[in-house]
Structure formats: C-alpha cells, structure tokens
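Let's take a walk through this one together. Have the sequence and the 3D view ready, and follow along piece by piece.

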There are 2 protein chains.
Amino acid sequence: MSKENHTQYAILGLLTIGCNTGYSIKQMIDTSLNHFWKISYGQIYPMLKLLADKGYATVEDFAQEGKPDKKEYQITAAGTQALKNWLKQPISELTVEKNELLLKLFFSRHQDPQSVQHHLENYQKKLEERYNTYAGIKEMISTQLKDEEDAPFWIITLNYGLKTTQAAIDWCQETKELSLKKEG
Amino acid sequence: MSKENHTQYAILGLLTIGCNTGYSIKQMIDTSLNHFWKISYGQIYPMLKLLADKGYATVEDFAQEGKPDKKEYQITAAGTQALKNWLKQPISELTVEKNELLLKLFFSRHQDPQSVQHHLENYQKKLEERYNTYAGIKEMISTQLKDEEDAPFWIITLNYGLKTTQAAIDWCQETKELSLKKEG
DNA sequence: CCCGTCATGTAATGGGTTACATGATTGC
DNA sequence: GCAATCATGTAACCCATTACATGACGGG
C-alpha cells in the first residue's frame with residue numbers, strides 16, 4: 001500500500017460535481033471541503049495539468065465575454081475509474097493533527113495561569129465560530145440543496161465537524177473551570 | 001505575527017522536562033505528545049544543533065559504558081526565555097486536519113454502500129484503539145506520575161484527545177446506522 | 001546468531017504554502 | 001478611483017518524512 005497523493009483525487013472528485021475550472025475548484029474547497037481538506041492554487045493548476053497528461057481529464061479553452069478566458073476540464077472514463085478505485089481502497093492510518101494549543105498547554109508549568117485561561121477562552125471562541133459556520137452550511141444544504149444527489153454525503157461530513165467541534169468546546173469549558181478552581 | 005516554527009519550541013520544552021538527548025526527545029514525543037504533535041529524527045538532530053547555535057541550549061559529549069556515546073543538551077536562560085515568550089503568544093488560527101475518510105465520504109455517491117459501511121467500521125475500530133491508548137496513559141499518569149509537576153497539564157491534553165476521539169466514535173456509530181437504514 | 005535498544009546523523013524526496021505576475025470588468 | 005470578482009499560472013521556499021549509514025551491547 002504505497003503512499004498515494006490524495007489531493008489528486010480530491011480534484012478528480014470535484015470534477016464530478018460541476019467544478020470544471022481551477023478557480024471554481026478552489027472556491028468549492030474553500031467553502032465546502034475546508035473542514036477536512038484544503039488546497040492552494042499552487043497545487044491545483046499543476047495538478048489539473050497532470051490529470052490531463054495522465055488522461056484522467058480533458059481540457060478545453062473557453063473565451064468568455066466580460067470575463068477572462070478559462071480552461072474547462074472534464075473527467076474522462078479513465079479518471080472516473082481511478083476515482084472509484086481510490087474510493088474503495090482502505091483508509092490509511094489515523095493522522096495526527098498538530099495542535100498548537102495543546103503543545104502550549106503541555107508546557108504550561110512555565111506560564112502563569114491567567115495566560116493559560118486566556119488561551120483557552122480565545123480557542124473556545126474560535127471553535128464556536130467554526131461550529132456556527134458548519135451549522136449554517138448544514139442548514140443551507142438541508143433546505144436549498146436537498147435534491148442534490150451528493151447532499152446526504154455532504155451532511156455526513158458536516159456532522160463530523162459539528163460533533164468533534166462541540167466536543168472540543170466542551171473540553172475548553174471544563175478545562176477553564178478546572179484551572180479556575182485551582183487558582184481560587 | 002509572522003509564522004514561527006513551533007517544532008523548535010516543542011524541543012525546547014522537552015529539554016525542560018528531562019529529555020536531554022535527541023533519542024530521548026524522540027521517545028517522549030512518540031509516547032506522550034503523539035496525539036497532537038510528532039517529529040522525526042530528521043528534524044530533531046538538526047534542530048538541536050540549531051538551538052545550540054542560537055544559544056538556546058548547550059551541548060556536552062558523554063561517553064557511556066556499554067552504550068553509544070551521547071550528546072546531552074541543556075536549555076539555557078535565553079532558551080527558557082524564548083520558550084516562555086512563545087507560550088504567552090496568542091494561538092494562531094485553527095488548523096484543518098486532513099481527513100481521508102471524510103474526503104472519501106464526500107464523493108461516496110460513486111461508491112457502493114457496503115464499501116462505505118466497511119470504511120466506517122474500520123475507522124471506528126482504529127478510533128477505539130486510540131481511545132484505549134489514551135485512557136491507559138491517563139491512568140498511568142494519574143497513578144504513577146501524580147507527583148510530577150507537569151502531570152496536571154499532561155492530563156488536560158489527554159482529556160482533549162479522549163473527548164474528541166469519543167465524539168468521532170459516536171459519529172461513526174450514528175453514520176453507520178443511518179446508512180444501514182437507507183439500504184434496508 | 002539475530003533482534004531489540006541505545007544513539008547520532010544526512011540526503012533525497014515529497015507535499016504544500018506564499019508571494020508574485022497579469023489583466024479585464026463591475027459596482028460603489 | 002478603488003476594491004472585488006473572475007481567471008491562470010510559476011518560482012522560491014519551508015517543513016517534514018523516509019531511507020539510508022553506522023555501530024556497540026545484551027538477551028534469547
């Protein structure tokens with residue numbers, strides 16, 4: 001089971017849901033995949049070229065009125081096959097999410113408790129914002145895009161985000177109370 | 001707020017808790033920080049050299065009987081100051097954890113439901129293993145290392161791991177049931 | 001005799017971000 | 001006049017992993 005580059009499949013997958021230009025792929029990633037995947041232009045454009053070279057996609061130039069020219073990519077049969085093949089491959093090992101807050105907490109004997117408290121509050125606030133963003137997107141999909149074929153799967157990934165974010169928020173709350181009790 | 005390399009502070013911090021060689025730093029990371037940070041030898045040894053060059057640590061060669069020679073690093077006053085300074089800096093933006101399972105789920109319209117079910121089961125099993133590992137370490141710290149000055153902070157980071165992992169397990173369970181109901 | 005532990009290190013490679021370059025149109 | 005949106009692309013850089021090289025000792 002050699003290391004495969006998953007990012008190429010992310011792009012391949014996006015070609016199947018109506019994102020056909022580098023620009024629209026980037027947009028979709030930033031709005032819908034951004035809680036579990038992100039890609040920069042520096043990867044997208046070279047990768048689209050690579051997919052075309054591999055025969056996984058075709059390219060066509062389009063001139064547009066009032067807008068810059070664009071290149072439309074279409075996934076090929078070979079591309080669809082590669083995507084499906086990747087989809088059924090077993091998931092590799094669980095990854096480790098680097099977490100700056102936890103790293104700082106780990107060494108927080110060297111820091112005063114108010115500062116720790118401050119970090120926790122700040123982090124919790126960011127988590128709550130994230131939670132609300134996810135909840136908003138879920139609501140939007142449930143109402144406006146409920147007939148979309150892919151919608152049920154999108155909801156599932158959002159549920160993951162909601163659930164784990166809520167758990168992190170709860171942990172923040174508990175930890176704040178815990179360290180306050182120690183001080184008081 | 002320029003991008004700072006956090007890994008150097010991870011190593012700096014480990015120098016304050018009795019890990020004084022590249023080898024022991026690696027061990028500590030693999031057993032205690034591995035749920036939120038990991039570093040390879042390819043980073044550790046060059047970074048230790050860099051820290052010494054910066055004046056954040058001192059090096060001394062030790063010959064050992066029955067064991068290979070080793071280099072012991074000690075954090076300096078300047079190093080401690082740098083660590084404390086980093087600790088009180090605000091946390092940067094929340095990071096995105098790349099998640100292969102979610103990426104595959106997102107495009108799972110192109111996959112048969114049994115395969116999805118299989119992925120979920122597999123993932124849940126791995127999460128449960130992870131949960132048990134964390135619980136074991138927490139238990140060990142609570143009983144054997146409870147007088148260690150850093151212990152309370154270590155417990156806090158483990159609580160985070162336990163809580164978010166449990167949430168992910170719950171999500172797996174729910175999602176499995178949901179997709180089974182759809183099939184049936 | 002081989003494996004695990006202790007111990008240090010480098011080179012090649014991979015994966016990704018950031019900054020930059022270019023440029024038209026629409027709306028405030 | 002300025003900012004935002006649409007649109008494509010590259011070069012420099014950074015961070016990190018993997019594989020490799022070396023080698024002694026103790027236990028089974």
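A residue counts as near a molecule or strand if its C-beta atom, placed from the backbone, lies within 6 Å of it. With that in hand, look at DNA strand C: 24 residues lie around it, and A:Ser40, A:Gly42, B:Tyr23, B:Gly42 and B:Lys70 come nearest. Before going on, know that this is a predicted model, where local features need pLDDT of at least 70, side-chain atom pairs count only at pLDDT 80 or more, and totals for chains, interfaces and linings use all residues. As for labels, residues are numbered from 1 along each chain as its sequence is written, while chains are lettered from A and ligands numbered from 1 in the order in which they are written.

Which elements supply the surface near strand C? At least two residues each come from α3 of chain A and from α2 (22-33), α3 and β2 (70-75) of chain B. (Helices are DSSP runs of H or I with at least four residues, strands are runs of E with at least two, and both are numbered from the N terminus.) The top giver here is α3(B), with four residues. By class, you'll find eight nonpolar, eleven polar and five charged residues on this surface. Here Ala, Val, Leu, Ile, Met, Phe, Trp, Tyr, Cys and Pro count as nonpolar, Asp, Glu, Lys and Arg as charged, and the others, Gly among them, as polar.

Now hop over to DNA strand D. It is surrounded by 23 residues, and the closest are A:Tyr23, A:Gly42, A:Lys70, B:Ser40 and B:Gly42. This time α3(A) gives the most, with four residues.

Next, zoom in on two helices of chain B. Helix α1 (residues 6-15) and helix α3 (residues 41-54) pack at an angle of about 80°, with axes 10 Å apart; the axes are lines fitted to C-alpha atoms over the stretch in contact, and angles run from 0 to 180 degrees between N-to-C directions. That makes α1(B) roughly perpendicular to α3(B), a label for angles of 65 to 115 degrees. On the α1(B) side, B:Thr7, B:Gln8, B:Ile11 and B:Leu12 meet B:Gln43, B:Ile44, B:Met47, B:Leu48 and B:Leu51 of α3(B). Contact means C-beta atoms, placed from the backbone, within 7 Å. Six of the residues in this contact are nonpolar, three are polar and none is charged.

Finally, how do the two chains touch? Chain A and chain B put 57 residues each into their contact. On chain B's side, α7(B) brings the largest share, 14 residues.

Definitions and conventions: Parallel < 35°, antiparallel > 145°, perpendicular 65-115°, else oblique. Contact = placed C-beta atoms within 7 Å.
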